[in-house]
Amino acid sequence: MRKVAGIGIAAVVAIAIVFAVVQKNNEGTSVAPESTLDSNVRNIAGGEVAQVGAVPFQVSLLTANPDAVAANPDDRGKWLWAQCGGSLIAKRWVLTADHCIPRTAAGAINTAYIYVGIGNNNYWDSFAGTTLFYVIQTYPARVDGVGLDLMLLKLNRAVTYTENVQPVALPVAIDPNVWPEKDSVATISGWGKQLDGTSSDVLRKVNTAIGDSPGDDVCRDNSGNARVTNFYNSTKDICVKGGTFGGTSAGACSGDSGGPLTVAVDGIPVLAGAASVALGVKGADGVVNFCTGYLPTLYARVPTNIGWIVPAVVTNVVVATANGGVQMSWGNPLSTPALPVTDYVVQLREVGVTDFGEVNDGVSVNKSVLISGVDPAKTYEARVAGINAVNSADTQQRLFSPVVRFTGAGVVVTTTTTTTTTTSTTSTTSTTSTTSTTSTTSTTSTTSTTSTIPLSPTVPLSPTVPLSTTSTVVVESPKVDPVIFGAEDGGKNIVPTLTSVLQPTASSAPIAETVNTSAGQTMDFIAAAQVAGVATPKGSVVSLRVSGVSSKICSVKKSSLVLKKAGQCRMTVLVKAGKAKAKATSVKLTVK
């Protein structure tokens with residue numbers, strides 16, 4: 001993680017290390033509660049073991065510094081290995097912290113030295129066999145070190161969802177202006193360091209609490225002390241409290257960078273941030289401890305910047321009478337995503353019907369569609385979402401516009417309010433004074449006791465050979481500057497507010513995927529109908545109904561077909577084309 005040091009005094013009491021921290025801030029001097037090295041301290045790396053599947057979206061990252069590789073091509077022990085975490089957000093997409101990915105001195109990223117483990121809660125075991133993935137494209141949210149501490153990684157192949165491997169829900173149906181609320185229970189996880197300086201081979205997790213609300217200008221610890229003030233910005237950061245939570249001290253540390261911060265919504269974990277900044281305490285011996293368990297941690301904020309990951313809400317939705325039906329049009333998304341819009345999905349339902357159907361208008365970036373076959377005497381509701389490479393296959397990650405209600409004659413009845421309004425880092429930013437900022441990159445402190453890690457600068461990592469667990473990977477913080485200690489000399493390491501959104505530097509056109517009907521997958525209605533052999537003419541509206549006898553095999557959720565487990569999914573596909581009545585076809589879809 002990036003590190004920020006506060007002024008502190010460390011004292012040794014008996015066999016336990018007790019920290020009494022005094023930190024200057026703009027609200028006077030405050031003393032933090034004592035924290036000891038005892039069995040009740042639970043940093044992520046020392047928290048409870050996360051059983052397989054407990055955090056199904058957690059991924060492991062291992063990177064080597066490209067310049068170090070070039071300088072020492074035959075000595076892997078000098079490649080400056082870095083350990084991080086990340087979140088699986090779609091079948092081919094991982095979200096992590098920007099500072100987790102090392103760059104060359106010229107600022108270039110070499111994907112040959114980025115390895116991702118998915119589906120194994122043992123860090124080293126994850127980089128072998130079917131759980132090993134490679135990165136083929138990166139999309140950073142920073143320009144020359146300035147910007148949001150987030151990065152999208154495109155995997156070399158699609159992940160197959162299982163009970164233990166699932167994407168984390170993005171906050172696409174939540175108002176980022178109020179979520180997550182201060183004091184909300186949050187969960188963090190990772191393989192990072194614990195208080196004794198060792199890392200955990202096994203994934204750990206712990207509950208903590210949100211220390212701010214959107215719009216706050218102060219990050220406070222669990223005792224209410226202001227720990228981060230003049231460089232903290234709640235449009236880009238989420239403050240996670242340190243201190244005692246549920247009887248234990250909870251926090252993140254080096255090696256946890258990029259890992260997920262989730263807050264449950266209706267019992268579902270929703271991604272709120274990626275681990276970014278750790279606060280440190282400088283002891284009397286000059287050593288800085290970044291694993292105190294009582295100082296706050298900053299996570300790069302996802303809700304406010306959701307429009308950078310997937311297309312944001314579209315603007316200016318309009319309906320009007322047209323020859324053959326109702327014409328619906330809309331404007332551009334509120335912000336520019338890292339990967340461009342490749343399609344728009346329009347959903348329609350008759351008022352009183354629970355589920356939306358999907359209008360089959362083909363794949364097009366045209367911001368208009370003719371909805372045919374509507375009854376002028378009835379009232380309908382419609383909504384539209386932008387699609388890019390991230391959410392093309394993962395329908396649950398789509399951010400829909402407010403619902404528009406209109407008659408089949410094209411007369412707007414009312415427009416409902418929505419909780420999916422987003423603010424964009426391109427339109428709502430605040431600048432940080434350059435007098436209080438420092439560079440955001442530096443070397444990684446790394447040592448190695450052996451050079452047997454089977455990685456090659458030219459040959460991809462063999463998926464059949466595990467990484468050596470005898471190799472010591474010491475990662476204070478991947479891509480972090482030397483820390484300047486003390487409030488007097490501006491001891492802060494800052495990522496300024498994002499002022500512009502990077503456009504993709506590599507081709508981001510979606511790659512055609514073979515339709516996967518394995519358990520754990522989701523499918524949109526049109527894809528499900530076509531796989532089942534039902535014709536869906538362009539302009540038709542498609543909806544599904546699952547038979548009760550198949551409710552354990554498949555179900556309809558948020559206008560998607562969810563494949564739960566292997567078996568026969570019996571369903572009825574309804575296709576309404578033109579003015580003809582909807583045609584119902586009973587079909588069976590084999591779930592593998």
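Buried residues make up 55% of the 592 residues in this protein chain. By buried I mean under 20% relative accessible area; exposed is over 50%, and partly exposed lies in between, with a 1.4 Å probe and protein chains only. This is a predicted model, so local features need pLDDT of at least 70, side-chain atom pairs count only at pLDDT 80 or more, and totals for chains, interfaces and linings use all residues. Residues are numbered from 1 along each chain as its sequence is written, and side-chain values use heavy atoms, with hydrogens and water left out.

On to the overall build. The chain has 3 helices and 39 strands. These are DSSP runs, numbered from the N terminus: helices are H or I with at least four residues, strands are E with at least two. Now contacts, meaning heavy atoms within 4.5 Å. Take the contacts between residues at least 6 apart in sequence: 71% of them join residues at least 24 apart. The accessible surface comes to about 22,800 Å², and carbon and sulfur atoms hold 53% of that. Those areas come from the Shrake-Rupley method with a 1.4 Å probe; for residues, only the protein chains shown count as cover.

Next, single residues. Start with Thr-96, in strand E11, residues 93-96. Is Thr-96 buried or exposed? Thr-96 counts as buried because its relative accessibility is 0%. Leave out residues up to four places away in sequence, and Thr-96 touches Leu-61, Gly-85, Gly-86, Asp-149, Leu-150, Met-151, Leu-153, Gly-258 and Ala-274.

Gln-137 is in strand E13, residues 132-143. Gln-137 is buried because its relative accessible area is 15%. Its side chain is joined to that of Tyr-139 by a polar contact of 2.5 Å. A polar contact here is a pair of N or O atoms within 3.5 Å; within protein, one must be able to donate a hydrogen and the other to accept it, and residues adjacent in sequence count only if both atoms are side-chain atoms.

Now some backbone geometry. Most residues other than glycine have a negative phi, and most peptide bonds are trans. Where is there a cis peptide bond? One joins Trp-179 and Pro-180, with omega at about -5°. Pro-180 lies in the loop between strand E14 (146-155) and strand E15 (185-190). Asp-183 also lies in the loop between E14 and E15. Phi of Asp-183 is near 75°, a positive value in a residue other than glycine. Asp-183 counts as partly exposed because its relative accessibility is 46%.

Asn-316 is another non-glycine residue with positive phi, near 55°. Look for Asn-316 in the loop between helix H2 (306-309) and strand E26 (318-322). At 62% relative accessibility, Asn-316 counts as exposed.

Cavities next. How many cavities of 30 Å³ or more does a search of the whole structure find? The search finds 6. A cavity is a set of points, on a 1 Å grid over the protein atoms alone, where a 1.4 Å probe fits but cannot get out; lining residues have an atom within 4 Å of a point. Volume is the space filled by probe spheres set on the points, with grid points joined across faces, edges and corners. In the largest cavity, 13 residues form the lining, and Val-55, Gly-119, Asn-120, Asn-121 and Asn-164 lie nearest the centre. By class, that lining has 6 nonpolar, 7 polar and no charged residues. Nonpolar covers Ala, Val, Leu, Ile, Met, Phe, Trp, Tyr, Cys and Pro; charged covers Asp, Glu, Lys and Arg; the others, Gly among them, are polar.

Last, two residues further along the chain. Ser-543 is in strand E35, residues 541-546. Ser-543 is partly exposed, with a relative accessible area of 23%. Which residues does Ser-543 touch, not counting those up to four places away in sequence? They are Gly-357, Phe-525, Thr-572, Val-573 and Leu-574. Ser-543 and Gly-357 are 186 residues apart in sequence, yet 4.4 Å apart in space, C-alpha to C-alpha.

Thr-590 is in strand E39, residues 583-591. With a relative accessible area of 44%, Thr-590 is partly exposed. Beyond four places in sequence, Thr-590 touches Thr-517, Gly-567 and Gln-568. The side chains of Thr-590 and Gln-568 make a polar contact of 3.1 Å.

Methods:
1 Å grid on protein atoms, 1.4 Å probe; cavity = no way out; pocket = protein on both sides within 12 Å on 5 of 7 lines; lining within 4 Å.
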